[in-house]
Amino acid sequence: MTNEKYAQTFTFDKGLTLKNRFVMAPMTTKMSFYDGVITEDEKRYYHMRSKEVGAVITAAANVSENGKGWEGELGVYDDKHIAGLSDLAASIKVNGTKAFLQLYHGGRITQSSVLKGTQPVAPSSVKALRPNSEVPRELEEEEIYRIIDDYKEAAIRAVKAGFDGIELHGANTYLIQQFFSPHSNRRTDQWGGSMEKRFTFIDKLVDAVTAAAKEAAAEPFIVGYRFSPEEIETPGIRFNETLYLVEKLCQKPLDYLHVSLRDYKQVSQLDDYQDKPMLAYLNEQIDGRIPFISVGDIRTGEDAKAALENSELVALGRVLLSDPNWVSKVMADKEEMIRYNVAEEERDVLALTNGVWGFMQGMMPDRLR
Ligand SMILES: Cc1cc2nc3c(=O)[nH]c(=O)nc-3n(C[C@H](O)[C@H](O)[C@H](O)COP(=O)(O)O)c2cc1C
């Protein structure tokens, strides 16, 4: 067994210990029932991938009915979900792996067909610049507070279901990010305008959720936050604004920050930040105040070592879809045995049923197919 940093345990300030530095990245499976209740196939998928990593972050689970992003999404918006989520937490927590539930609201990134004919909602009535997007309805102030309550209730359900923590999905252009983005947030009230005001929703949300989780949980309960560093739209979030966001988040009672990147070596679009990868700038800004999770095309032990130079933990996505035993092969120095390709006939043995398989086809680079 190796002495590499990735094999070492990691203990959060609250006292929760991960058996190693690898975390399964949140990945949507599209396997849940029409009403967000987990399926047996989905539990099997997680069970298979949970044994070796320190923690699993689940697929995005919608906290509000009108925050559902796609068919087959996991739900956490109703007490009816608690029983299935308890099974999910238990199936992840085999061999001492910790279970974190990702909390999600899609905002404008959904379809009225997914919302049973209801118009999607967002900070402002501005449609996303992508094919098939719809013009959303601008949220009333009381609806914004209702959504914050939905996140609180979802956090309490995660505690009741036996999860070790939650992750607020503030990345990948969904509702939380939509409030911070000058593209999707054109409001002129307390929720929009300057960069500071576009942070208002995140400010209130993080305070509400961390307080609710603290009150509900008897054991150490982790609250993490995921963000995307840049947007391509103009106007859109730029990297200097993300450094401001990270600074503000470091002052919150959060247990970790988690970046969302395609490639851990990715460099900013801004001319002022070309000297090193965004991961390094982010790690410098965080400066050890909150544990940081890196991600993005980590395919080998060497990649993990490099990413861990700028983070405490490293998240693995697609490599765990194609090889649920990636971690033990890396730890045992048997990387030549890693499976990077999945043939159609291997789908069942890897518990990659219809939903996730279809999603993977669009997300996997050719060499991973
Ligand atoms: C099939 C699939 C589903 C994903 N679903 C989510 C999700 O629900 N929430 C999220 O934050 N990121 C999601 N992601 C992004 C991953 O968490 C991760 O950031 C990305 O895949 C890059 O890591 P990788 O190169 O190790 O796969 C998804 C990625 C894939 C491939």
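Analyst: In this predicted model, strand β11 (residues 256–259) sends Tyr256 and His258 one way and Leu257 and Val259 the other way, and all of these are buried, where buried means under 20% relative accessible area, exposed over 50% and partly exposed in between, with a 1.4 Å probe and protein chains only. In a regular strand the side chains alternate between the two faces of the sheet. Strands (E, at least two residues) and helices (H or I, at least four) are DSSP runs numbered from the N terminus. Residues are numbered from 1 along each chain as its sequence is written. Local features need pLDDT of at least 70 and side-chain atom pairs count only at pLDDT 80 or more, while totals for chains, interfaces and linings use all residues, and side-chain values use heavy atoms, with hydrogens and water left out.

On one side, β11 runs parallel to β10 (residues 222–227), to which four bridges join it, two strands being paired if DSSP finds at least two bridges between them; Phe227 stands opposite Val259 in this pairing. Together with helix α7 (residues 239–250), β10 and β11 make a right-handed β-α-β unit, a crossover being right-handed if, with the strands pointing away from the viewer, the path from the first strand over the helix to the second runs clockwise. Strand β11 is also joined by two bridges to β12 (residues 292–294), again in parallel, and here Leu257 stands opposite Phe292. From β11 the chain crosses through helix α8 (residues 278–286) to β12, and this β-α-β crossover is right-handed.

A cavity is a set of points on a 1 Å grid over the protein atoms alone where a 1.4 Å probe fits but cannot get out, and lining residues have an atom within 4 Å of a point. The volume of this second largest cavity is about 50 Å³, a volume being the space filled by probe spheres set on grid points that are joined across faces, edges and corners. Its lining divides into six nonpolar, three polar and no charged residues, with Ala, Val, Leu, Ile, Met, Phe, Trp, Tyr, Cys and Pro counted as nonpolar, Asp, Glu, Lys and Arg as charged, and the others, Gly among them, as polar.

A search of the whole structure finds three cavities of 30 Å³ or more.

Thr173 lies in the loop between β9 (165–170) and α4, and its phi is near 75°, a positive value in a residue other than glycine. In the loop between β10 and α7 sits Pro235, which a cis peptide bond joins to Thr234, with omega about -5°.

As for confidence, the protein has a mean pLDDT of 95, and 98% of its residues reach 70 or more, pLDDT being the predictor's confidence in each residue, from 0 to 100. Confidence is highest in β12, at 99, and lowest in helix α12 (residues 354–363), at a mean of 76.

Definitions and conventions: On a 1 Å grid over the protein atoms alone, a cavity is a set of points where a 1.4 Å probe fits but cannot get out, and a pocket is an open set with protein on both sides within 12 Å along at least five of seven lines; lining residues have an atom within 4 Å of a point.
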